[in-house]
Amino acid sequence: MRVIRRVVGTLVVTLAVGGFVAPPAKAHSLPSAVYVDLSSSDPGQVRAELRMYAPLLLMSTADYTADVELGQAGAEAQSDQDMPAQAAALDEHADSVLTYVTDHFVVTADGRSCSATKGGPVTAEQRDGQPYVRLVLDYECPEPAAAHEVRSDLFPASEGYVTDTKTIVTFDLDLNSGTAILDAEHRSFSTDQSFSAWFRSWFRVGAEHLVYGLDHVLFLLALIVGSRRLREIVLTATTFTLAHSVTFILAALGVVEAPRVLVEPLIAASIAFVAGWYLWRAWRHGQDGPHLPAGNSHFSLDRAGWSRLAVVFGFGLIHGLGFATSLGIDEPWSWKLLSSLLIFNLGIEAVQLTIVAISFPLLALLRHRSPRGGFWASAIASAAVALVGAGWFIERAADI
């Protein structure tokens, strides 16, 4: 027992020191989401309001059109963090911007291309603390159509700036309204959208968000490693699901609001805390874990177990805010929007359950076959996860 505590103590000290000397780690890349509102007031016309991350639009447009002057003006405005100057530079080079955007964002009517003209000045706006610009395009279509198809290839990975751009579209066209998400694998959609296509798009994006959201995956793994019984991981995962579902839906609908600059450090802190909790319990109780209540011990939680659930619920609320801010929807409430968000959340839960269903039985089997091996695997995994979480917290807190 003394040896185990000494080794776990060494892991904890290494973790504490490593959190300050480890190189910075990021869980999210530059903002690359594009937000589009499509509407029509006259037959044969479509108005598109696009909101794009200003520095990305500046760099992509300058490279695509070889507009050296725009590139220089954009670099100066970006170095000064001058949002109005960034918007002014884009507006002064409207021809270049129009060329880039219309070559990468295309609207067709029954298979025939619609021509676009600039519908107003480029204006600056903040979106979740980030410098965005608003560009209005008026598309003139050959004739009224029963359905429109929208294709987006804005900010592709081949440009070298971002790796995964999502274009989130809200539309009210052709006697139909709804939402759609486009990315590199699914570049287009039709306003005559089937239920299955709509369901698949939102479910897929929710699933991908958890798969590629390393911070949320690490938090889930920390919960799995810290759970010793099947009932414990079921209660823990259910608590986390309920908590993040509540705040995700409320935040995405605009009922509650939290700035990303605060949410992201708190998510990192939750990873380090939950993983560190397991190390602390191992320090106190050793390889066998804390003493369980007598009688029906496999299905009971002690005070520490209930405290852990309360902490998980609190951190789950924060992770829900993180899901919402990453999605970035800022649209009026509607049943269609609520349905889309619920399907997005189902995608998250499907991946979460898959991770639990695969990893926890394997860990339980290892702990049963080799208690010492299971203990070491859990301790090392927890130390590594806590180290990453601590590094992310320090990096993100520095930006506040």
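This is a predicted model: local features need pLDDT of at least 70, side-chain atom pairs count only at pLDDT 80 or more; totals for chains, interfaces and linings use all residues.
The torsion about the S-S bond of Cys114 and Cys141 is about 100 degrees, so the disulfide is right-handed. The pair links distant parts of the chain, 27 residues apart, with Cys114 in the loop between β4 (112–113) and β5 (115–118) and Cys141 in the loop between β7 (130–140) and β8 (148–152). Because buried means under 20% relative accessible area, both cysteines in the table below fall in that class.

| Residue | Relative accessible area | Class |
|---|---|---|
| Cys114 | 9% | buried |
| Cys141 | 5% | buried |

In helix α5 (residues 94–104), the buried residues are Ala94, Ser96, Val97, Tyr100, Val101 and His104. These residues cover an arc of only 160 degrees around the axis, and therefore lie on the same side of α5. An α-helix has 3.6 residues a turn, so residues three or four places apart point the same way.

Helix α11 (residues 335–369) packs against helix α12 (residues 371–397) at an angle of about 135 degrees, the axes being 5 Å apart, and the two helices are therefore oblique to each other. On the α11 side the contact is made by Leu363, Leu366, Arg367, His368 and Arg369, while α12 contributes Pro371, Gly373, Gly374, Ala377 and Ser378. Sorted by class, the contact of α11 with α12 has four nonpolar, four polar and two charged residues.

Technical notes. Residues are numbered from 1 along each chain as its sequence is written. Side-chain values use heavy atoms; hydrogens and water are left out. Axes are lines fitted to C-alpha atoms, for helices over the stretch in contact, and angles run from 0 to 180 degrees between N-to-C directions. Helices (H or I, at least four residues) and strands (E, at least two) are DSSP runs, numbered from the N terminus. Angles under 35 degrees count as roughly parallel, over 145 as roughly antiparallel, 65 to 115 as roughly perpendicular and the rest as oblique. Contact means heavy atoms within 4.5 Å. Ala, Val, Leu, Ile, Met, Phe, Trp, Tyr, Cys and Pro count as nonpolar, Asp, Glu, Lys and Arg as charged, and the others, Gly among them, as polar. Buried means under 20% relative accessible area, exposed over 50%, partly exposed in between (1.4 Å probe, protein chains only). The arc is that of the directions from the helix axis to the C-beta atoms. A disulfide is a pair of cysteine sulfur atoms within 2.5 Å.
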